[in-house]
Amino acid sequence: MTLATFHIDMQDDNCSLHLTGDWQLGQAPLGADICATLPSVCHSVTLITTELSHWDSSLAIALLQLSRWCEQQQIALNVKDTPQGLQQLLQLATDVPVYQATNDAAIGGLLAALRSWLIVQGLQVHDGLVFVGESSLALGRWFRGKASTRRSDIVFFIEQAGPKGLAIVTLISLLVGMILAYLGSVQLRQLGAQVYVANLVAIGMVREMGALMTGVIMAGRTGAAYAAQLGTMQVNEEIDALRVMGISTMEFLVLPRLLALIFIMPLMCIYSDVIGMIGGAIVANGMGVSYTQYILQTQIAIDWVDISTGLIKSLIFGFLIAIAGCQAGLLCGRDSNAVGLATTNAVVKAIVFLVVSDAALNILFDKLGI
């Protein structure tokens, strides 16, 4: 094995870097040594490899360091006389520029980033409104009997969202009712008014928690499923195939899911209300309130107006959950990672929609005196 060495010849402002010997890992000089030897007055550096024997990646690494040093010093590097394989390695390594952090405050990057973010958010709001409008038009066509939506698809998605989701709705609603009863009992017990736990649980479940908790469960279960199903179809180019055949994806894919949630959410909301009040009754019975007292107090506490507010919320929540899940699925990318991102986006967006719409409806009901 011949020792790896280098030497430099100067001709005016041009330097010739001669590489000799076997440049192999563990035996070759470092690129930093070469850079330190080169005079900074050079305008160009030409690599001469006529005396080069064997070489491996250690030479490529050293020359990559030399290339970046020359770029910083604004010195031209000529590698046309090097072996073809070495030129290809250098080109591959230098095609991607080195990341350099910039001072955003100095160059206005923060304002540019904020502007870009606002533009992206504005486009997302625009796309969302367009999707809501198209869904509403498709829903109107279905009511007039002009939509190409199969009843079997609607029944399938109703079964998927409703009966198969009863177990988790039962568990969560029962626990929420018990939690409400425990929270109320802490204060009411001090006043000797434990019987009013029934009022607290009944109003809380019927007007607020029944619809909201059912919506959150449906957002995490059904909304995510819609996004994953449509996202997978997007990856497999099935949606493109439907469009090529002239089939409306809005009526064939989105509308059955949308109608299923609109139909099933009020029923699930009523079921959640009942289960929550049962949970409150269990806790109230432990505080000395009989089941008969609890039922009578519940009848006094709520009326059809309270029940209607919860049902109205559930209808709106179902519409918003379906919109969030279907839009995320249809806007999914073309790889498996995009399906996961679409599912996450659907759940997060649906929960945000639920909270915002719930707050808006509560303010509206308060202003209307409901």
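D153, I154, F157, Q160 and A161 are buried in helix 6 (residues 151-161). Buried means under 20% relative accessible area, exposed over 50%, with a 1.4 Å probe and protein chains only. Helices are DSSP runs of H or I, at least four residues, numbered from the N terminus. The five buried residues lie on the same side of helix 6, because they cover an arc of only 125 degrees around the axis. That arc is taken from the directions from the helix axis to the C-beta atoms. R151 and V155 are exposed on the other side of helix 6.

## Model basis

This is a predicted model: local features need pLDDT of at least 70, side-chain atom pairs count only at pLDDT 80 or more, and totals for chains, interfaces and linings use all residues. Residues are numbered from 1 along each chain as its sequence is written, and side-chain values use heavy atoms, without hydrogens and water.

## Nonpolar cores

The largest nonpolar core has 42 residues. Such a core is a set of buried Ala, Val, Leu, Ile, Met, Phe, Trp, Tyr and Cys residues joined through side-chain atoms within 4.5 Å. F131, L255, L261 and I321 have the most contacts inside this core.

L255 is in contact (heavy atoms within 4.5 Å) with A138, L139, W142, A147, T149 and M250, leaving aside neighbours within four places in sequence. A second, separate core of 24 residues includes I34, L38, L52 and L66.

## N199

N199 sits in helix 8 (residues 197-235). N199 counts as buried because its relative accessibility is 16%. Not counting residues up to four places away in sequence, N199 touches Q297 and A301.

Notes
Helices (H or I, at least four residues) and strands (E, at least two) are DSSP runs, numbered from the N terminus.
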